[in-house]
Amino acid sequence: MTDPSASLSFFARFWLAWLCFWRCLVSREFAQAVLPTSRAYDAGQLKELPSGDTAAPPPVKTPTVQA
């Protein structure tokens, strides 16, 4: 994995933006995962997000049925 503190070149950022743009248009799940991070960035709270946060709700546990 690459060093997260390393800056991305212009073309790397352009390619990432292009991929994210189309993926947000095509995939509802991807857009829902990106939205909370985007809002945190706009509010200046990006560093407050936990590392590896997918912003997806935790899985719902289904109750077991006992006979």
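What percentage of the 67 residues in the protein do buried residues make up? They make up 4%, where buried means under 20% relative accessible area, exposed means over 50%, and partly exposed lies in between, with a 1.4 Å probe and protein chains only.

## About the model

This is a predicted model: local features need pLDDT of at least 70, side-chain atom pairs count only at pLDDT 80 or more, and totals for chains, interfaces and linings use all residues. Residues are numbered from 1 along each chain as its sequence is written, and side-chain values use heavy atoms, leaving out hydrogens and water.

## The overall picture

Let's start with the fold: the protein has two helices and zero strands. Helices (H or I, at least four residues) and strands (E, at least two) are DSSP runs, numbered from the N terminus.

Helix α1 covers residues 10-26 and includes leucine 25. Leucine 25 counts as exposed because its relative accessibility is 56%.

A search of the whole structure turns up five aromatic pairs. Rings of Phe, Tyr and Trp (its six-membered ring) pair if their centres lie within 6.5 Å; planes under 30 degrees apart are stacked, over 60 edge-to-face, and the rest tilted. One of the pairs joins phenylalanine 10 and phenylalanine 11, edge-to-face at 5.2 Å centre to centre with 75 degrees between the planes. Phenylalanine 11 is exposed, with a relative accessible area of 65%. Tryptophan 18 and tryptophan 22 are edge-to-face too, because their planes stand at 70 degrees, with ring centres 5.8 Å apart. These two tryptophans sit four residues apart in α1, about one turn of the helix. Ring pairs also link Phe10, Phe11 and Phe14 into a cluster.

## Helix α2

Now for the other helix: α2 (residues 28-42) has 15 residues and reaches 21 Å from its first C-alpha to its last, close to the 21 Å expected at 1.5 Å a residue. That expected span is 1.5 Å times one less than the number of residues.

At valine 34, shortly before proline 36, α2 has a kink of about 25 degrees; the bend at a residue is the angle between axes fitted to the seven residues ending there and the seven starting there. After α2 comes glycine 44, whose phi is positive, near 75 degrees.
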